[in-house]
Amino acid sequence: MNSTASYPNLYSGLIERYRARLPVVPDTRIITLSEGNTPLIPLDNVARATGRDVKIFAKFEGLNPTGSFKDRGMTMAVTQAVGGGSRAIICASTGNTSASAAAYAARAGIRCFVLIPEGKIALGKLAQAMIEGSVVIQIKGNFDDGMRIVKDMADAAPVAIVNSINPYRLQGQKTAAFEIVDALDRAPDYHCIPVGNAGNISAYWVGFSEYAGIRPKTAACGFCTDTCAYPFPAVVPTRPVMVGYQAAGAAPFIAGHPIEFPETIATAIRIGNPQSWDLAWAAVRESDGWFDSLSDDEILTAQRLLAETEGVFCEPASAIAVAGLLRDIDRGKIPDGSLITCTLTGHGLKDPDTAIKQSPGSVLEVPANSDAVKRAILDNL
Ligand code: F0G
């Protein structure tokens, strides 16, 4: 018997919560770590600092079980892979997908292979993939190289691909949009989100669209046909404007074409050839939204601002959502009176090196006596 059956009040993951809107059947064996149900945190201090009349919320996806939004897609992808008889999964990753894939594979008792770019993955993510028992394959190339190789493996080896080209991933990830609407009792006016491989912005658009009772024109979820079996009640009549932000050195949506050598301190989104290119463009076009890019300095400034003024510690790639939002409020692209949600995709603890490097001098070294500590306190009150 399912171990959660005796505890009806126990939250048991997003598939259970949104089962009617997900491609599962009653006897599906669900592989879950109780992901989802992440907080929507008001960023009142950040909003006040803009000097404008805006309401800002952060969907803090860093509070998922492996510390990023990837768990939403991975519970679906691994559930489907196991149900289909797969004994192994594979992904290319800038770090978070590998950490999540490794965790869900461990839970399911199957093998996990992860391809990571040499030297460009945050330490916490590498630690996760390693301790969770995946086979870590480091390639002398970047994420896009890894993605190309993983696609080759579809025919070459008995492994299920769990990158976001797997449509079950987007199905799981769309639930974050459901949670936002459920929490606010309405859709936000604007939704700001980092864009790398572009699966997440596509998934949110599917989610917001479903809740608005609107079938995305692009049939983006890979399951929506005219005879789609999943329910589309008109719960909320509106959808947000979707705004996607990329790092300046890795901004193919701004360039309008793939970037061969992407570079950014936000290693999670160091991607030059996004796989969900068309879906992400559709989300932005259908919502009258836009893409924009930010420098590494702007990204790190927003990361520090969130940590220092809100106590929210997210990784650099996540902070880009707030960096972009603040600039767009300042430029008047996002008007007064707006209700805005931002996805903070991953936890700051994933990448302690970057956090420590940008906090120089914040550790005081003093002798081990009360006088010295007292002085340190009085000097810094
Ligand atoms: N933020 C974080 C923290 C990420 O890890 C990623 C993607 C993104 C944003 C961008 O999301 O790809 O759906 O547009 N990380 C992938 C990985 C590529 O391998 O972990 P996207």
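Guide: Please note that the model is predicted. An oxygen atom of the ligand is placed 3.2 Å from a polar backbone atom of Gly 199.

Visitor: What percentage of the ligand's accessible area does the protein cover?

Guide: On its own, the ligand has 470 Å² of accessible area.

Visitor: Which residue has a polar side-chain atom 2.8 Å from an oxygen atom of the ligand?

Guide: The shell around the ligand has 20 residues, and those that come nearest are Ser 93, Gly 196, Asn 197, Ala 198 and Thr 345. Ala 198 places a backbone N or O atom 2.7 Å from a ligand oxygen atom. Polar contacts are counted within 3.5 Å. The polar side-chain atom at 2.8 Å belongs to Ser 93.

Visitor: Where does the ligand sit?

Guide: The search of the whole structure finds 1 cavity of 30 Å³ or more. A molecule is assigned to a cavity if more than half of its atoms lie within 2 Å of the grid points. By this criterion, the ligand sits in the largest cavity.

Visitor: Which elements give two or more residues to the shell around the ligand?

Guide: The shell divides into 8 nonpolar, 10 polar and 2 charged residues. The elements that contribute two or more residues to this shell are helix 4 (96–108) and helix 9 (199–211).

Visitor: How much space lies in the largest cavity, and which residues are the closest to its centre?

Guide: The space in the largest cavity is about 300 Å³. Its lining has 26 residues, and the closest to the centre are Phe 69, Lys 70, Gly 196, Asn 197 and Ala 268.

Visitor: Which helix supplies the largest share of the lining of the largest cavity?

Guide: This lining comprises 11 nonpolar, 12 polar and 3 charged residues. At least two residues come from each of helix 4, helix 7 (167–173) and helix 9. The largest share, 3 residues, is supplied by helix 9.

Visitor: Which helix gives the largest share of the lining of the second largest pocket?

Guide: The second largest pocket holds about 210 Å³ of space. Of its 13 lining residues, Thr 267, Asp 351, Asp 353, Thr 354 and Lys 357 lie nearest the centre. The lining divides into 5 nonpolar, 4 polar and 4 charged residues. Its largest share, 3 residues, comes from helix 14 (residues 352–357).

Definitions and conventions:
Residues numbered from 1 in each chain as written. Predicted model: local features only at pLDDT ≥ 70, side-chain atom pairs only at ≥ 80, totals over all residues. Heavy atoms only, no water. Near = heavy atom within 4 Å. Polar contact = N/O pair within 3.5 Å; in protein donor to acceptor, adjacent residues only side chain to side chain. Areas by Shrake-Rupley, 256 points an atom, 1.4 Å probe, with all protein chains shown as cover. 1 Å grid on protein atoms, 1.4 Å probe; cavity = no way out; pocket = protein on both sides within 12 Å on 5 of 7 lines; lining within 4 Å. Helix = DSSP H or I, 4+ residues; strand = E, 2+ residues; numbered from the N terminus. Nonpolar A, V, L, I, M, F, W, Y, C, P; charged D, E, K, R; others polar. Points joined across faces, edges and corners; volume = space filled by probe spheres on them.
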